[in-house]
Amino acid sequence: KSFWLSVEVEADYAVKPMTSIDEIEQHVSRCSVCLGSEHILTRHSWTEQPPECPEDFYALWEGYSYTMVTTSGLSGAGQDFASSGSCLEHFFLPTFIECLGRGTCA
């Protein structure tokens with residue numbers, strides 16, 4: 001499973017599960033990674049529009065707000081929202097491939 005920040009819309013619990021990336025993508029928060037004179041800054045909008053960079057910063061890329069991934073069992077990994085790793089330039093599922101020590105991946 002992967003987890004993404006959602007946009008600020010009322011949840012409709014009567015809807016069927018979304019199955020296509022095009023359906024899912026419009027519900028994922030957008031983000032921007034910005035570069036200043038000394039720092040890289042990541043901003044999340046919680047909307048379908050990427051946020052603007054602050055004054056004296058410029059956008060390195062705009063993307064989708066990525067939170068974390070879980071694997072089978074109890075393991076998983078997450079991203080700090082201040083990290084540029086939490087703003088993925090492209091939206092895709094799954095966000096990882098899990099490989100076992102026996103040379104099999106899924």
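Leu60 is found in strand E4, where strands (E, at least two residues) and helices (H or I, at least four) are DSSP runs numbered from the N terminus. The model is predicted: local features need pLDDT of at least 70, side-chain atom pairs count only at pLDDT 80 or more, and totals for chains, interfaces and linings use all residues. Residues are numbered from 1 along each chain as its sequence is written, and side-chain values use heavy atoms, with hydrogens and water left out.

The protein chain has one helix and six strands. Along the sequence, these elements follow the pattern β-α-β-β-β-β-β. Of the 106 residues in the protein chain, 26% are buried; buried means under 20% relative accessible area, exposed means over 50%, and partly exposed lies in between, as computed with a 1.4 Å probe on protein chains only.

Leu60 has a relative accessible area of 37% and is therefore partly exposed. Together with Ile40 and Tyr58, Leu60 makes a nonpolar surface patch of about 300 Å². Patches are made of residues with over 30% relative accessible area and no salt bridge; like charges are joined within 9 Å, and nonpolar side chains (Val, Leu, Ile, Met, Phe, Trp, Tyr) within 5 Å. The accessible areas come from the Shrake-Rupley method with a 1.4 Å probe, and for residues only the protein chains shown count as cover. A salt bridge is a side-chain nitrogen of Lys or Arg within 4 Å of a carboxyl oxygen of Asp or Glu.

The cysteines form the next topic. A disulfide is a covalent bond between the sulfur atoms of two cysteines, and a pair counts as one here if the sulfur atoms are within 2.5 Å. The structure holds two disulfides. In one of them, the sulfur atoms of Cys31 and Cys87 are 2.1 Å apart. The torsion about this S-S bond is about 95°, so the disulfide of Cys31 and Cys87 is right-handed. Because Cys31 lies in strand E2 (residues 30–35) and Cys87 in strand E6 (residues 87–88), the pair ties together parts that are 56 residues apart in sequence. Both Cys31 and Cys87 are buried.

Another disulfide joins Cys34 to Cys53, with an S to S distance of 2.1 Å. The link of Cys34 and Cys53 is left-handed, with -85° about the S-S bond. Cys34 belongs to strand E2, whereas Cys53 is in the loop between strand E3 (40–44) and strand E4 (58–70); this pair links distant parts of the chain, 19 residues apart. Cys34 and Cys53 are both buried.

The loop between E3 and E4 also contains Trp46 and Asp56. Trp46 has a positive phi of about 60° although it is not a glycine, and its relative accessible area of 39% makes it partly exposed. Asp56, also a residue other than glycine, has a positive phi near 70°. With a relative accessible area of 69%, Asp56 is exposed.

In the loop between E2 and E3 lies Ser37, which counts as exposed at 77% relative accessibility. The C-alpha atoms of Ser37 and Phe57 are separated by 7.5 Å, although these residues are 20 residues apart along the chain.

Finally, the charged end of Arg30 sits over the ring of Tyr64, 4.2 Å from its centre. Such a placement requires NZ of Lys or CZ of Arg within 6 Å of the ring centre and within 35 degrees of the ring normal.
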